[in-house]
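Subject: Structure handover

Hello,

Please find below the structure I said I would pass on. My notes on it come after.

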Amino acid sequence: MNASEALRKLGEERPLVHHLTNYVTVNLVANVTLSTGALPVMAHAVEEVEEMAATASALVINMGTLDPPWIEAMIRGGKEANRCGIPVILDPVGAGATRFRAETPEKLLSEIDFAAICGNAGEISTLAGLDAEVRGVESIGGDAKTAVVKAARRLGATVAATGPTDHISDGERLLTVENGHPLMGRIVGSGCASTAVAGCFAAVGGASPETVAAALACFGRAGEIAAEKADGPGTFEPRLLDALAALARDPSALEDELRIREASVG
Amino acid sequence: MNASEALRKLGEERPLVHHLTNYVTVNLVANVTLSTGALPVMAHAVEEVEEMAATASALVINMGTLDPPWIEAMIRGGKEANRCGIPVILDPVGAGATRFRAETPEKLLSEIDFAAICGNAGEISTLAGLDAEVRGVESIGGDAKTAVVKAARRLGATVAATGPTDHISDGERLLTVENGHPLMGRIVGSGCASTAVAGCFAAVGGASPETVAAALACFGRAGEIAAEKADGPGTFEPRLLDALAALARDPSALEDELRIREASVG
Amino acid sequence: MNASEALRKLGEERPLVHHLTNYVTVNLVANVTLSTGALPVMAHAVEEVEEMAATASALVINMGTLDPPWIEAMIRGGKEANRCGIPVILDPVGAGATRFRAETPEKLLSEIDFAAICGNAGEISTLAGLDAEVRGVESIGGDAKTAVVKAARRLGATVAATGPTDHISDGERLLTVENGHPLMGRIVGSGCASTAVAGCFAAVGGASPETVAAALACFGRAGEIAAEKADGPGTFEPRLLDALAALARDPSALEDELRIREASVG
């Protein structure tokens, strides 16, 4: 599904998108979700996580701030979403940065069928079994193209590595997205937010490489628009929400601005 | 108490307002509290929740992100506030969305005497025992007027249902508030924030329908002012805090702008 | 180390700064950290807190929202940072406001060697064993100058009390900082954010009184710049991040604007 079609459906259907996410960027994630037209909900208690997941149209699991009760909530919510046929998206924040962050995504991946996995190049390289340097929750390089293809094949999901160029693959096709702006890397949570947009798009359009690429391109385009009026990272963040909401309200001119290309898996 | 009097007292007395609230909108809630002139404090540990509640002038309990340890903190804090004669305000976020969110408000309401309860129409309908559709934490309709009167009678508290028109009742009187702006529904947490303002007003003026309506009208008026300079939901949120702080600093012209009306309970 | 040198090193080395902080202001703390050039990471689980602390260049412990599992994480992370020779900074938010907030800093101080402790005058007075009024997490006065010197001698660390004038001492020297703007007191988390900047500076320059004063002066200077374009507390906060990021990108003119003075310990 392309971006304008996804945004139109989000505005019409207003699907519930359930987030099990970190407490650092949760407010941005919620506002980004709402700005696409979807309705965000955060509910982590084991007493309700399955019931809430079952009423949602997508579940986004973000590993930003992990601990065992949250991992249990993620597994319960993810399994229930799988049972209900609801797409589950993973943002493996900081994968590989500690032993705990190496083991946890393996555990999640063994218990839950993810429709898509979106992270930075270092995180995706870790999941692909490649060497990568992850310092804290920041990626310090890694070959994104190789990583997404290998991770997609290994994990049987659409995998995206975000960065100045986003790479998206399902193991057979490879798409690249060139939309975005350097200020996106100067705010905390732009990665979480881009995964949230992928979750919203998946709620109405599934998680094919085309749809995940459309989500990342749309979010990147919002970043380009926001940067025009921003004086730095602080004013960029509210402008990013403004831009995303404006695109969602009127996506008619959006497609011409998206720089999505098919590349060779090679 | 009317809005300008409440804001003047908040600026003079700077009362402590204790919030047991969700981690999604907690920063907005804290900043809204501070912008009214009150001092926000968040303290949930059972080791201190009662002592902190006892030093506060109001306690606001928001169910946004629930789990059992937090429910215990809410009950302990609420009971201690009751013992001390401090008004306790409930925001029943997502009431009815899951079984856990149906049972928890009943439990809180059975253990704590709430001075006021502020939610959206769906949540208040749920508390009134009426049918309502609550999707995640969003209300999808419900007859707000009937709900607030019925809930107020059932629960023995001032009850407000916020929306394009806010309805406030103590079971005998019914007030409506027409202030506000559609952008308030496009940011995450405007409901939590309006309940926080009601909590601040309660700290200096109690929780009569008049005072709760004044709080909601004042917050709605801030939204109207903020919308004039906002380019979308992202820039609206900081402008909302600016507007609220400006009204708090100089509430002299505020009353003329508030659209609070007495309506028939019917 | 002076402020411009610290910012240059932060931009070159991009050190990891690990925060164990509260969920109210965590997003601001993370964005402030990133705006100085450092990379923020938040990881509180006992399964990884020590490993993450060991990979960081500074650890900032903020008591804003306390509970026993977090205290355990703070102690584990702090001890590991001590073992690795990584500076640990404490923000004793609300110290003295409840019995729990009186005992917890004593416990942390007995288990961890802090390189610097940054709080408001009331919190620092509490740690110095002086009488102070702390209402919730707000200081209501206290003699900052006496408090920092006494606390520094008692605790064997650089101690800073922030306010309209910041006071910084290691027990022998006393520095004052006059940079800042009243709007900093009108947003939630400016204290947490200033401690975060001190943590970033400590990551590259240690925690001498000179370096802590440089951090507070730099943050205060960002506040002065931000205030020029702000219309109130809401628009001030994003402008503060813009200003801090601009100073970090080009610190060449910064030193002339900093008002740091040596004072008599008396």
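What follows is a summary of what was found, starting with how the chains relate and ending with single residues.

Please keep in mind that this is a predicted model.

Relation between the chains

Chain B can be laid on chain A by a turn of 120 degrees and a shift of 0.0 Å along the axis, with an RMSD of 0.0 Å. That is the relation of a three-fold axis. The C-alpha of chain B nearest the axis belongs to B:Y23, at 3.7 Å from it.

For chain C, a rotation of 120 degrees with 0.0 Å of shift along its axis gives a superposition on chain A, again with an RMSD of 0.0 Å. In chain C the C-alpha nearest the axis is that of C:Y23, which lies 3.7 Å from it. The copies use different surfaces, and 12% of the contact residues of chain C recur in chain A.

Contact of chain B with chain A

This contact takes 25 residues from chain B and 26 residues from chain A. On the side of chain B that touches chain A, the elements giving two or more residues are α5 (99–111) and α10 (233–249) of chain B. The largest share of that side, five residues, comes from α10(B). By class, the side of chain B that touches chain A has nine nonpolar, eight polar and eight charged residues. Only 12% of the interface residues of chain B are also interface residues in chain A, so the copies meet through different surfaces.

Contact of chain C with chain A

Here 26 residues of chain C are in contact with 25 residues of chain A. At least two residues each are supplied to the side of chain C that touches chain A by α2 (26–36), β2 (39–42), α3 (49–55) and α10 (233–249) of chain C. The largest share of this side, seven residues, comes from α10(C). The residues of the side of chain C that touches chain A divide into 17 nonpolar, four polar and five charged.

Two helix pairs were looked at.

Helix α2 (residues 26–36) and helix α10 (residues 233–249) of chain A pack at an angle of about 25 degrees, and their axes are 8 Å apart. That makes α2(A) roughly parallel to α10(A). From α2(A), the residues A:N31, A:V32, A:S35 and A:T36 meet A:L241, A:L244, A:A245 and A:A248 in α10(A). The residues of this contact of α2(A) with α10(A) divide into five nonpolar, three polar and no charged.

Helix α1 (residues 3–13) and helix α8 (residues 190–205) of chain A pack at about 80 degrees, with their axes 9 Å apart. That makes α1(A) roughly perpendicular to α8(A). The contact is made by A:A6, A:K9, A:L10 and A:E13 of α1(A) with A:C200, A:F201, A:V204 and A:G205 of α8(A). In the contact of α1(A) with α8(A), five residues are nonpolar, one is polar and two are charged.

Core

The largest nonpolar core has 314 residues. Those with the most contacts inside this core are A:I89, A:A116, B:I89, B:A116, C:I89 and C:A116. Leaving aside neighbours within four places in sequence, the contacts of C:I89 include C:A58, C:V60, C:I61, C:F114, C:A116, C:C118, C:T195, C:A198 and C:A207.

Among the buried residues of α2(C) are C:V26, C:N27, C:N31, C:T33 and C:T36. Just after α2(C), C:G37 takes a positive phi of about 110 degrees.

C:T21 is in the loop between β1 (16–20) and α2 of chain C. With 31 C-beta neighbours inside 10 Å, C:T21 counts as buried, because the cut-off for a buried residue is 20 or more. C:T21 and C:C192 are 171 residues apart in sequence, and their C-alpha atoms are 8.6 Å apart in space. Leaving aside neighbours within four places in sequence, C:T21 is in contact with C:V26, C:V29, C:M42, C:V60, C:N62, C:G64 and C:C192.

Regards

Note on methods: Residues numbered from 1 in each chain as written. Chains lettered and ligands numbered in written order. Predicted model: local features only at pLDDT ≥ 70, side-chain atom pairs only at ≥ 80, totals over all residues. Contact = placed C-beta atoms within 7 Å. Helix = DSSP H or I, 4+ residues; strand = E, 2+ residues; numbered from the N terminus. Nonpolar A, V, L, I, M, F, W, Y, C, P; charged D, E, K, R; others polar. Least-squares fit on C-alpha atoms with pLDDT ≥ 70 in both. Core = buried A, V, L, I, M, F, W, Y, C linked by C-beta atoms within 7 Å. Buried ≥ 20, exposed ≤ 12 C-beta atoms within 10 Å, placed from the backbone. Axes fitted to C-alpha atoms, helices over the stretch in contact; angles between N-to-C directions. Parallel < 35°, antiparallel > 145°, perpendicular 65-115°, else oblique.
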